[in-house]
Amino acid sequence: MGRHLLKFALYRSGALAAYHRMRNRRALTVAMFHRVLARSDPRAAAADWTWTVSDEFFAACLWFFVKHYHVIAIQDLLDSLTGRELPERPLLITFDDGWADIEEYAAPLLRQMNLPSVVFVIAEAVGGREPWSETVRRLWRSEETRPLVGQAVGDATGLKSIDTFEQLRSAIDSLSRLDPEIRRALTDKLRERSTVRDEMLSLDQLSSLSSSGCAIGSHGLTHASIPLAPDPWRELHESRRMLNRMLANGARSPEVFSFPNGRYNADSIRLAGEAGYACVFTSESYLNSIPGRQPGPLVFGRIYIGPGYADSNGRLREEELATGLFLRPVVSAGAVCEDA
């Protein structure tokens with residue numbers, strides 16, 4: 001029996017779900033998304049579908065979550081740190097960056113099913129264009145504009161070439177180290193070659209999300225990687241202060257932070273605690289043991305859910321998602337990787 005057929009048989013028989021109910025009873029699953037778009041949307045052509053899912057795929061994921069988990073709000077997790085018990089098999093839905101399509105496509109589906117979520121927003125990107133790192137990645141993906149990216153980033157950072165994905169990651173890291181004004185000037189010049197315009201949440205959309213069950217967490221001020229940023233404290237502290245000013249009707253951004261570009265270290269976590277965050281979220285793919293009463297900041301892994309769980313027609317393969325979630329290792333919340 002092929003590997004896929006075995007997964008299919010184990011899931012359809014109910015054996016895998018039964019194992020999940022027993023094994024992950026006291027494990028927190030944090031699902032991570034970035035963008036949700038209809039394939040007919042004009043923005044779909046320029047979107048990076050490595051980090052984008054269709055609205056139909058996302059809706060199928062929500063039904064899967066309801067079937068196998070108890071979906072919780074970020075406040076439920078924060079309350080658990082002071083003694084309140086979480087339900088069995090809790091799952092938290094998160095989004096990174098703060099794309100406008102989250103309010104347009106994901107939020108209505110979440111509301112239909114009465115499900116909460118948390119959107120980690122780049123504070124300076126609200127009402128504006130895509131994050132600078134996305135501009136670099138998107139223009140690099142095009143053979144026509146890749147030389148332009150190499151020249152501009154090379155001039156600013158001293159990198160000789162950006163020919164591979166690993167070199168692209170190094171370029172993003174190098175740009176994170178730059179003064180924000182220098183980086184902004186560089187990416188504004190690159191955007192002159194771009195037809196992409198305002199794609200991030202507007203102020204009105206931000207408040208709409210906040211009032212409809214989506215908590216607004218911080219994803220940094222500029223999307224620079226915290227361990228590399230010239231002023232990591234400002235990225236951590238000013239971002240939440242800015243979001244609180246933007247939110248309407250006295251709403252507040254909860255004390256939660258998602259590390260931009262998935263980069264963090266022990267100093268990042270220490271600074272996050274000093275900035276008042278109780279929970280910080282990484283891009284490391286593991287389940288989290290439910291922490292119970294203890295001080296923060298606690299570090300939580302998340303599992304990215306993207307096109308890898310879809311079939312050739314873009315439909316969710318439930319057996320793939322089940323094995324991808326149910327069988328992940330469980331790590332104690334708060335475990336720190338020094339060089340992540």
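This is a predicted model: local features need pLDDT of at least 70, side-chain atom pairs count only at pLDDT 80 or more; totals for chains, interfaces and linings use all residues.

Colleague: What about H3 and H13, how do their axes cross?

Modeller: The axes of H3 and helix H13 (residues 318-326) come within 11 Å and cross at roughly 55°, and H3 and H13 are therefore oblique to each other. H3 passes H13 in a right-handed crossing. By class, the contact of H3 with H13 has seven nonpolar, one polar and two charged residues.

Colleague: Which residues of H3 and H13 are those?

Modeller: On the H3 side they are Cys61, Phe64, Phe65, Lys67 and His68, which meet Glu318, Leu321, Ala322, Leu325 and Phe326 on the H13 side.

Colleague: Changing topic to H6: how many of its residues are buried?

Modeller: Helix H6 (residues 132-141) is mostly covered, since eight of its ten residues are buried. The buried ones in H6 are Trp132, Ser133, Glu134, Thr135, Val136, Arg138, Leu139 and Trp140.

Colleague: What covers the buried residues of H6?

Modeller: The cover includes helix H7 (146-157), helix H8 (165-176) and helix H9 (180-191). With H9, the packing angle of H6 is about 40°, and the two axes are 10 Å apart, and H6 and H9 are therefore oblique to each other. H6 passes H9 in a left-handed crossing.

Colleague: Where do H6 and H9 meet, residue by residue?

Modeller: Trp132, Thr135, Val136 and Leu139 in H6 meet Arg183, Thr187, Leu190 and Arg191 in H9. The residues of this contact of H6 with H9 divide into four nonpolar, two polar and two charged. As background for reading a list like that, an α-helix has 3.6 residues a turn, so residues three or four places apart point the same way.

Colleague: Now the loop between H8 and H9, where Asp179 is found: is Asp179 buried, exposed or partly exposed?

Modeller: Asp179 counts as partly exposed, at 38% relative accessibility. A polar atom of the Asp179 side chain lies 2.8 Å from the backbone nitrogen of Glu181. For a sense of distance, the C-alpha atoms of Asp179 and Val330 are separated by 38 Å, and these two residues are 151 residues apart along the chain.

Colleague: Let me jump to the strands. Where is Val118, and what is it in contact with?

Modeller: Val118 is found in strand E6 (residues 117-121), and Val118 is buried, with a relative accessible area of 0%. Leaving aside neighbours within four places in sequence, Val118 is in contact with Ile74, Leu92, Ile93, Thr94, Phe95, Ala215, Gly217 and Val256.

Colleague: And His219, where is that, and what does its side chain make a polar contact with?

Modeller: His219 sits in the loop between strand E7 (214-218) and helix H11 (232-246). His219 is buried, with a relative accessible area of 2%, and its side chain makes a polar contact with the side chain of His223 at 3.3 Å. Not counting residues up to four places away in sequence, His219 touches several others, among them Asp96, Asp97, Phe120 and Phe257.

Colleague: Then what about the phi of Asn114, and is Asn114 buried or exposed?

Modeller: Asn114 has a positive phi of about 55°, although it is not a glycine. Asn114 is placed in the loop between H5 and E6, and at 69% relative accessibility Asn114 counts as exposed.

Terms used. Residues are numbered from 1 along each chain as its sequence is written. Side-chain values use heavy atoms; hydrogens and water are left out. Helices (H or I, at least four residues) and strands (E, at least two) are DSSP runs, numbered from the N terminus. Buried means under 20% relative accessible area, exposed over 50%, partly exposed in between (1.4 Å probe, protein chains only). A polar contact is a pair of N or O atoms within 3.5 Å; within protein, one must be able to donate a hydrogen and the other to accept it, and residues adjacent in sequence count only if both atoms are side-chain atoms. Contact means heavy atoms within 4.5 Å. Axes are lines fitted to C-alpha atoms, for helices over the stretch in contact, and angles run from 0 to 180 degrees between N-to-C directions. Angles under 35 degrees count as roughly parallel, over 145 as roughly antiparallel, 65 to 115 as roughly perpendicular and the rest as oblique. A crossing is left-handed if the near helix is turned anticlockwise from the far one by less than a right angle, and right-handed if clockwise. Ala, Val, Leu, Ile, Met, Phe, Trp, Tyr, Cys and Pro count as nonpolar, Asp, Glu, Lys and Arg as charged, and the others, Gly among them, as polar.
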